[in-house]
Amino acid sequence: MPPQGYEAANDIASQTVQDIACKDQELETKLWDGLKTYLLEQKAIPSADTMKQAMHDQVEKLAQDNPQMTSSDVKRLAGDLDKLVDSLLSEAPQGERVESPEQLLILLSAIDVGDRTTVFRSYMQDKVRGDFNQLKKTIQSFDLNCPPSSSGSGNNTAGATPATPEPETETETETPTQPEPNRDYEYHKQQALNSGTPLAVFGSRWAFATAYQSCQSMQLPSMNDQTPDVQGISIVGKHSDGVGSKRAIASLSKVQSTHYYVRDMSSYGQGCFNVRQNPLIYDYGGKPYATTATDSPIDLFKNNGDGTSVLGIDCSGYVFTSMATAGLRLKAGRALKASDSWAWGSSSYVEPQDNGLTCLSKISVTPAASMKAGDIVAVYGHVLLIDKVGADPFGIASAKTESDCKKITSNSFDFVVAQSAPSKGGIGINYYEARHYLPTSAKMKTGLEKYAYYACMAKITGKASTPNVGTLSVVRHKGTAECVAPRVKMARESCIQSCSSLAR
């Protein structure tokens with residue numbers, strides 16, 4: 001009798017080994033997507049031994065179809081697959097003390113995209129890349145028969161919809177099947193572009209309105225220090241990483257009457273999700289739900305991630321959603337898929353080039369320009385988007401000397417942040433005036449005041465610079481051809497089709 005999980009593991013092994021025979025150049029995509037789908041559907045951590053057994057069985061079948069393979073060839077191929085499976089399903093989860101399939105899903109997604117935010121993840125990047133390279137070298141030495149029915153495969157991976165092939169080089173871009181356009185989305189997008197609104201800002205507003213299933217939520221003033229806290233949300237423990245807090249709704253009626261973006265909503269349109277009855281709050285570790293299918297939407301209304309059972313996403317989940325629904329890739333040439341919302345945490349954005357975020361680069365401050373709407377601000381532990389900036393975002397217009405620059409504080413800042421954060425008692429996705437938000441976040445406040453200093457000095461000296469403050473970065477999407485793609489749709493986005501405008 002096969003061990004538990006063998007059937008699902010064998011689906012992954014079949015797809016992976018089939019690619020070895022056909023050399024479709026999709027091996028990595030099939031293996032990554034297969035493992036992620038297993039974790040989503042089986043809701044269990046796959047056994048490395050079971051996966052290796054499935055791989056061995058498939059290699060034996062491959063040998064039967066290819067009599068030219070020697071016993072040495074079989075042993076070499078099985079050994080390479082064993083090393084890869086051990087890296088992904090034994091060493092990686094043990095190194096990060098993974099306790100749940102949700103945690104492993106996030107870890108494997110991070111390794112897949114190139115995350116190096118910790119010493120261990122950097123080590124695993126090199127280890128897994130070495131394993132894949134050795135496997136590919138072995139495969140290239142074989143002359144194998146590709147089954148006629150499998151040539152150019154594109155078969156489902158462990159139950160998933162066919163994945164779009166990864167490009168052979170990161171500079172290539174893909175041409176996936178164009179989805180049926182959402183005319184309301186296209187209308188709002190064109191309105192935004194015509195008014196000079198950056199795509200990243202438009203994406204964050206589309207995501208915001210979809211999250212609250214409301215046009216009205218977009219028109220509320222940005223939160224400030226006078227905005228009352230949401231009531232009825234309780235902290236129920238610490239996240240397994242020992243950093244964030246777990247939250248739960250202790251009193252739905254209190255949340256409904258005090259949540260800034262929910263309290264005035266009495267009804268929702270046909271087909272809309274009733275956010276009032278099941279509010280999205282801040283969920284540390286919460287991620288949008290998705291499958292590995294290329295056409296999977298981002299679903300904010302189905303619980304996912306390694307947070308709690310409440311609906312809601314964390315800061316990086318919101319930033320990814322904002323970029324993806326605007327058609328902005330984070331990694332050049334990589335297929336833009338909803339499932340990558342699990343991949344990049346907030347810390348990845350601090351040093352984007354080191355963590356696979358090749359479509360983002362740190363901003364430069366010049367005598368005439370600094371922060372812009374659409375920029376991403378990240379510290380270790382939080383990431384947010386800039387929604388709007390005033391004419392003098394850092395409040396440096398009146399500064400004339402270096403001494404003046406050193407005196408600048410966040411009190412003089414003039415910009416609005418868009419984020420998912422534990423602000424105001426755990427409200428979740430929100431717009432917040434920076435000068436009122438920053439006193440609640442010491443790392444963000446300190447880092448951005450340093451940026452203000454560099455922007456001020458650029459104005460005084462007439463010299464541009466790229467600030468490197470170590471603990472905080474302001475990064476900007478490059479907007480180049482290899483960094484844009486057909487957008488990722490959002491579940492229930494049709495609910496906001498009646499919005500006359502998403503301008504704020």
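I began with R97, which I found in the loop between α4 (71-95) and α5 (101-113); helices here are DSSP runs of H or I with at least four residues, strands are E runs of at least two, and both are numbered from the N terminus. I was looking at a predicted model, where local features need pLDDT of at least 70, side-chain atom pairs count only at pLDDT 80 or more, and totals for chains, interfaces and linings use all residues. Residues are numbered from 1 along each chain as its sequence is written, and side-chain values use heavy atoms, leaving out hydrogens and water.

R97 is not a glycine, yet I noted a positive phi of about 50°. Is R97 buried or exposed? R97 counts as exposed because its relative accessibility is 72% (buried is under 20% relative accessible area, exposed over 50%, partly exposed in between, with a 1.4 Å probe and protein chains only).

Next I looked up Q213, in the loop between α8 (199-212) and α9 (216-219). Q213 has a positive phi of about 50° and is not a glycine. Its relative accessibility is 3%, so Q213 counts as buried.

Then I turned to K36 in helix α2 (residues 27-42). K36 is buried, at 1% relative accessible area. Leaving aside residues up to four places away in sequence, I saw K36 touch L105, S109, D112, T292, R334, D340 and W342; contact means heavy atoms within 4.5 Å.
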